[in-house]
Amino acid sequence: MSENIIDYEQAESLGISREAYDEVLDIVGRIPTIEELSTLLAMWESNGRQQSLYGWLRGQRHTVERDDYVYTGSADHKAIREPKVKECVTIAKELCKKLPVASDQWPVATGLLLYMVGNVSSEFADGEYARRCLHLVEVPMAATGNDEDCNYIEMILSALAGAGLVLAQSVVAEGGLFCSLLRWTAPLGYDILVPREVRLDAFLFGEEPGRYLVAVEEQADDQFLLKLGEARLNGCFLGRTTKNRIVVDGYDFGAVNGYIAR
């Protein structure tokens, strides 16, 4: 065995999980070298985090087999083809025409961690995306809000902000996650990843209520997630704030000032 390659026993002694090692093995197609292993793991730490490294590197479409699709309601809903990442640029530009800058608290630095607190939405039918891009007049399912859940999330985030663990927060509203992030982070931008378990359009443009955007400093990340877990709230890692660019799954959507009305 070459001294430059590293098998799983050696990787395990370095604290590398079997799951991470198998993903690297799958990507490289053979036992990786030390350099390949360290590079790919560094890329995962920097860009992949909670998403599959293999999926992130391959740029796979964010869809699952039909029988495993998260939303099991209307056949009309399921029949709508999921757009590819590059097709979402056109959708985003349509939804974000003359988008105003948010008036509430916003992130003020690049490199901040972005999270969505609340359930990951699988619903897009009751919102601007369905009406303006899919031209759905009668939506398959109307999303209903739960005021008690929203009040609880807002209370927890307020407490975390008071403890210095949350720098800024905002609600996911009209135009879904994409437009809400854009309106909230401007004039900064963002570089985010989409979970593979949910439709790309539902995640980016769905307006299901009860979801909140949060900006966290790197050094507060572990404590923030600990407290979120103690409060029994879901926290979906999105990505980071950037300088005037919008990137989704590695695809450049363009400059922020191309979407924001001045």
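In this predicted model, the buried residues of helix H9 are Gly176, Leu177, Phe178, Cys179, Ser180, Leu181, Leu182, Arg183, Trp184 and Thr185. Because 10 of the 10 residues of H9 (residues 176-185) are buried, this helix is largely enclosed by the rest of the structure.

The strands form an open sheet of 7, in the order E2-E4-E1-E5-E3-E6-E7, and their pairing is mixed. At the edges lie strand E2 (168-171) and strand E7 (251-255), each of which pairs on one side only. From one strand to the next, the twist averages 25 degrees. Strand E6 (residues 245-248) and E7 run antiparallel and are joined by 4 bridges; within this pairing, isoleucine 246 has glycine 254 in E7 as its bridge partner.

Helix H8 (residues 147-162) touches strand E1 (113-117), E2 and E4, and its direction makes about 10 degrees with that of E4. Helix H11 (residues 221-230) touches E1, E4 and strand E5 (235-242), and the direction of H11 makes about 5 degrees with that of E1.

The loop between helix H10 (200-205) and strand E4 (212-216) contains arginine 211. This residue is buried yet has no salt bridge: glutamate 208, the nearest side chain of opposite charge, is 6.0 Å away. The side chain of arginine 211 does, however, reach two backbone oxygens, that of glycine 206 at 2.6 Å and that of glutamate 208 at 2.9 Å. Beyond its neighbours within four places in sequence, arginine 211 is in contact with several residues, among them Met116, Val117, Val171 and Phe203.

Key:
Residues numbered from 1 in each chain as written. Predicted model: local features only at pLDDT ≥ 70, side-chain atom pairs only at ≥ 80, totals over all residues. Heavy atoms only, no water. Helix = DSSP H or I, 4+ residues; strand = E, 2+ residues; numbered from the N terminus. Buried < 20%, exposed > 50% of the residue type's maximum accessible area, 1.4 Å probe, protein only. Lys, Arg positive; Asp, Glu negative; His and termini not counted. Salt bridge = Lys/Arg side-chain N within 4 Å of Asp/Glu carboxyl O. Polar contact = N/O pair within 3.5 Å; in protein donor to acceptor, adjacent residues only side chain to side chain. Contact = heavy atoms within 4.5 Å. Pairing = 2+ DSSP bridges. Axes fitted to C-alpha atoms, helices over the stretch in contact; angles between N-to-C directions.
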